[in-house]
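Trainee: I'd like to talk through the salt bridges here. Could you take me through them one at a time?

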Amino acid sequence: MLLHFDDEADFATRLARASRLEARCVDRHRFPDGEVKLTLPVPLPASAVVLRSLHHPNEKLLELVLLADAARALGARNLTLVAPYLAYMRQDKAFHPGEAVSQQIVGRLLAAHFDAIVTVDPHLHRVASLADAVPARRAVALSAAPLIGAVYAARKERPLLLGPDAESEQWVKAAAGALLDYAVCTKHRVNDHDVRIELPDTPLAGRDVVLLDDVASTGGTLVECATKLRAAGAARIDAAVTHALLDADAVAQLAAAGIIEFVSTDTVPHASNRISVAGLIAEALK
Ligand code: R5P
C-alpha cells in the first residue's frame, strides 16, 4: 500500500501506477487551534510505503511522526518513506558556534520512525552517503541527473551543462554523461539571498548553456549565474533543477535574468515540472 496526503495525489497516482502499489490517502483534519488529526486506512498491511516530499517541511515532519507511530500501532512492521525531496540536508555542519546540525537531527528523527528511506538527489556534500545522514536500515539516494541530461543530449545544439558551485559537480557530471560537456562555477554565498559567482575558464561566448543544480530556492544562484553568462556572451541560457522550491516571483526573476526555459523534475509539485521521477522511484521500490 502507498500512503499519501491529499496535496500529493498527482504524484501518488503516478508512483502507484509505476510501482503497482495501491494508493490510499491519509485523512488529515485540522482543528481550529492548528493541531492535526490523522486517520489511516484500515486494515493496514504489514508493509507500507509512505509518500511525503519534504518541501515546507516543518509541519510535515510532525505529521510523519504521527503517521508512522499510528501505522505501527495498526500492525505495520515495515515502513518505507519515499521523500522525493529531503529537506534539511544543506545544514550539514555547525557553520558557527552554537548552530544545530539539522541534517543529523532530522536524519535521526526519520530513521527512528521508518525502516527505509528513498529520496532523490539529496544535498550530500560533506557526508559520504545518505546512510550517514539518515541512519535507517536502508537509505537509498537516487539521482535524476541522467534523466535531466537525456533531455539536453537530445538537442541538436549540444549545450554546455554548467553547475553553479563545486557541490553541483556530482549532478552536472552525471547529467552530462559521455554526450555533453560540463563545467562548474565557483560560488561564494554572502547571505540567504545574495551569492557571488565566478565563471569557469571554459569558452562561453556563442555557446548554448544549461545551468543545472540540485535545488533552486530563492533562485538567486541561477539569476547570478545567468547574469554572468550573458556578460560572457552565451548564446542561449536555460536552467534545470531536480527540486524547484521557488515561488512565482522568483521564477519571473529567472526570466528577467535571461533564462529562456526553466524546467524541473516532479519531486516537488511546481509549474516548471517537466521530468518525472516516478519510474525511477518505482524501480527502487521493487
Ligand atoms: C546549495 O548549495 C544548493 O546546491 C543550491 O545552489 C542553493 O540551495 C540554491 O539556492 P538559491 O536558489 O536560494 O540561490
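Predicted model: local features only at pLDDT ≥ 70, side-chain atom pairs only at ≥ 80, totals over all residues.

Trainee: Which residue forms a salt bridge with Lys187?

Mentor: Residues are numbered from 1 along each chain as its sequence is written, and side-chain values use heavy atoms, without hydrogens and water. A salt bridge here is a side-chain nitrogen of Lys or Arg within 4 Å of a carboxyl oxygen of Asp or Glu. With its closest N and O atoms 3.0 Å apart, the partner of Lys187 is Asp165.

Trainee: Is Asp165 buried or exposed?

Mentor: Buried means under 20% relative accessible area, exposed over 50%, and partly exposed in between (1.4 Å probe, protein chains only). Lys187 is partly exposed at 25%. Asp165 has a relative accessible area of 7%, so Asp165 is buried.

Trainee: What is the distance between the closest N and O atoms of Arg28 and Asp7?

Mentor: Both side chains are partly exposed, Arg28 at 26% and Asp7 at 40%. Their closest N and O atoms form a salt bridge at 3.7 Å.

Trainee: Which residues are joined with Arg28 and Asp7 into one network?

Mentor: Salt bridges that share partners build this network. Besides Arg28 and Asp7, the network holds Asp6, Glu8, Arg52 and Glu63.

Trainee: How many salt bridges does the structure hold?

Mentor: Another one joins Glu22 and Arg24, at 3.5 Å from N to O. For the structure, the number of salt bridges is 20.
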